Amino acid sequence: MTDEATKMAIMAKWLDAVAEEIDADSAPVTAHRDELLDLVSMIAHGPSRPGAPMTLFLLGMRAGQGEDVSELVAKVEALAGRYKG
């Protein structure tokens, strides 16, 4: 079984490869890694498992428009906490 540090290293290498392939900057993902992973977990174990990656896609679109990632994460976490479906 792979330990958590190894999984995170593999993820970082993968994200760097994706960023290079699509000509994107992976620094924002790296800078917000833990809060983004926590948000994915919250969504996947709460409102919608398949909605978790799509939520991050929407968040990424707004971040690409200059919105603060931490503020976006906080808004989505608050929504997830009160979401009734």
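Is R33 buried, partly exposed or exposed? With a relative accessibility of 31%, R33 counts as partly exposed, where buried means under 20% relative accessible area, exposed means over 50%, and partly exposed lies in between (1.4 Å probe, protein chains only).

## Basis of the model

This is a predicted model, in which local features need a pLDDT of at least 70 and side-chain atom pairs count only at pLDDT 80 or more, while totals for chains, interfaces and linings use all residues. Residues are numbered from 1 along each chain as its sequence is written, and side-chain values use heavy atoms, with hydrogens and water left out.

## Overall architecture

The chain holds five helices and zero strands, and from the N terminus on its elements run α-α-α-α-α; helices (H or I, at least four residues) and strands (E, at least two) are DSSP runs, numbered from the N terminus. Taken along the principal axes, the C-alpha atoms fill a box of roughly 35 × 35 × 20 Å, and buried residues make up 20% of the 85 residues in the chain.

Helix α1 covers residues 4-21, which is 18 residues, and reaches 25 Å from its first C-alpha to its last, close to the 26 Å expected at 1.5 Å a residue; the expected span is 1.5 Å times one less than the number of residues in the helix.

D23 is placed in the loop between α1 and α2, where its phi is near 55°, a positive value in a residue other than glycine. D23 is also exposed, because its relative accessible area is 73%.

## The largest pocket

The largest pocket has a volume of about 570 Å³. A pocket is here an open set of points on a 1 Å grid over the protein atoms alone, with protein on both sides within 12 Å along at least five of seven lines, and lining residues have an atom within 4 Å of a point; grid points are joined across faces, edges and corners, and the volume is the space filled by probe spheres set on the points. Of the 22 residues that line this pocket, L15, P28, V29, L36 and L56 are the closest to its centre. The elements that give two or more residues to the lining are α1, α2 (27-31), α3 (33-44) and α4, and the largest share, six residues, comes from α4.

P28 lies in helix α2 and is partly exposed, with a relative accessible area of 39%. Between P28 and V69 there are 41 residues of separation in sequence but 8.3 Å in space, C-alpha to C-alpha.

## Salt bridges

A search of the whole structure finds two salt bridges, each defined as a side-chain nitrogen of Lys or Arg within 4 Å of a carboxyl oxygen of Asp or Glu. In one of them D34 pairs with R33, the closest N and O atoms being 3.0 Å apart, and D34 is partly exposed at a relative accessible area of 46%.

The side chains of E67 and R62 also meet in a salt bridge, at 3.0 Å from N to O. E67 counts as partly exposed at 32% relative accessibility, and R62 counts as partly exposed at 38%.

## A nonpolar surface patch

F57, L58 and M61 form a nonpolar patch on the surface, with about 320 Å² of accessible area together. Patches are made of residues with over 30% relative accessible area and no salt bridge, with like charges joined within 9 Å and nonpolar side chains (Val, Leu, Ile, Met, Phe, Trp, Tyr) within 5 Å, and accessible areas come from the Shrake-Rupley method with a 1.4 Å probe, for which only the protein chains shown count as cover for residues. F57 is found in helix α4 (residues 51-64) and is exposed, with a relative accessible area of 53%.

Conventions:
1 Å grid on protein atoms, 1.4 Å probe; cavity = no way out; pocket = protein on both sides within 12 Å on 5 of 7 lines; lining within 4 Å.
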